[in-house]
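Got your viewer open and the chain loaded? Let's walk through it one selection at a time.

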Amino acid sequence: MRTIDPAKHAARRQHIVNAACDLFATQGFERTTTAQICKAAGMSSGNVFHYFPNKRAIFIALLQDDKGEKTERLAAAAAGADPWAALLDVVRFLAAPAAEPLAPPLVMEAMLQAHRDPELAELLSQDNTDEHTVITELLTKAAAAGQIDPDLDPGHAASWVMALIASMYTSAATEPSFDPAGQLPTLLLILERFLRGGSQERRTGGAPPREANASAAAR
């Protein structure tokens, strides 16, 4: 039996995934054929099927392409000494791919296919759970450290953080003029105002600037 070189095997799988990426992003999963993937990869169908059993397996591998890096980044954030700084790092990391041309349409296609594929839906759900768990943990620690409003429910707040990140992808996929990289500072500012507004008021012992100005005008 021929010995398989793990590095070469992984490289060939990655080559196929990369070749399929543009097709899935521009045509969608249903309209992309295995023949097109083989042509884009410069491989015969028999060769491609040596590495993946079917088109669906290629699509799932593409969606899981960054799982190892994501797991490491989330673990590092959870272990960070400064929960607020770690939270912002996580937000930047999760939102950054929205600026890549192919990522937003792939995310939209994954959401569409998840409604038809229970196994894919479970994979995406697990990814969301992993992200939500770490963000909730960071918000809990940040509240305990006086870095954010302690009245916010960490789990609910984490859901809103993730919803704002997701909106970067949906907006990029549906609005040609939307610039994810240019909008990232605004996203971070929204989170700053949302999460830290109450804690800032408690630290200063006064009302937020708008309320303070209104009180002054009344006097």
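Start by selecting Asp 65, Asp 66, Glu 69 and Glu 72, which form a negative surface patch. In a patch, residues have over 30% relative accessible area and no salt bridge, with like charges joined within 9 Å and nonpolar side chains (Val, Leu, Ile, Met, Phe, Trp, Tyr) within 5 Å. Asp and Glu count as negative, Lys and Arg as positive, while His and the chain ends are not counted; each charge is placed at NZ of Lys, CZ of Arg, CG of Asp or CD of Glu. Accessible areas come from the Shrake-Rupley method with a 1.4 Å probe, and for residues only the protein chains shown count as cover.

Before you click on, note that this is a predicted model: local features need pLDDT of at least 70, side-chain atom pairs count only at pLDDT 80 or more, and totals for chains, interfaces and linings use all residues. Residues are numbered from 1 along each chain as its sequence is written, and side-chain values use heavy atoms, leaving out hydrogens and water.

Stay on Glu 72, in helix H5 (residues 67–78). Helices (H or I, at least four residues) and strands (E, at least two) are DSSP runs, numbered from the N terminus. Glu 72 counts as exposed because its relative accessibility is 61%; the classes are buried under 20%, exposed over 50% and partly exposed in between (1.4 Å probe, protein chains only).

Now zoom out and color by secondary structure: you get eleven helices and zero strands. Of the 219 residues, 37% count as buried.

Next, pick helix H6, residues 83–95. Its 13 residues reach 18 Å from first C-alpha to last, close to the 18 Å expected at 1.5 Å a residue (1.5 Å times one less than the number of residues). Ten of the 13 are buried, so H6 is largely enclosed by the rest of the structure. Among those buried residues are Trp 84, Leu 87, Val 91 and Phe 93.

For a nonpolar surface patch, select Val 107, Met 108 and Met 111, which make about 220 Å². Met 111 sits in helix H7 (residues 103–114) and is partly exposed at 44% relative accessibility.

On to the salt bridges, meaning a side-chain nitrogen of Lys or Arg within 4 Å of a carboxyl oxygen of Asp or Glu. The structure holds nine of them.

- Show Glu 30 and Arg 116, whose side chains meet at 3.3 Å, N to O. Glu 30 is in the loop between helix H1 (6–27) and helix H2 (34–41), and Arg 116 in the loop between H7 and helix H8 (118–144), so the pair ties together parts 86 residues apart in sequence.
- Show Asp 127 and Lys 67, with their closest N and O atoms 3.1 Å apart. This pair links helix H8 to helix H5, 60 residues apart. Asp 127 is buried at 11% relative accessibility, whereas Lys 67 is partly exposed at 31%.
- Finish the set with Arg 56, Asp 117 and Glu 119, linked in a network of salt bridges.

Last stop: where is Trp 160? Look in helix H9 (residues 154–174), where Trp 160 counts as exposed at 57% relative accessibility.
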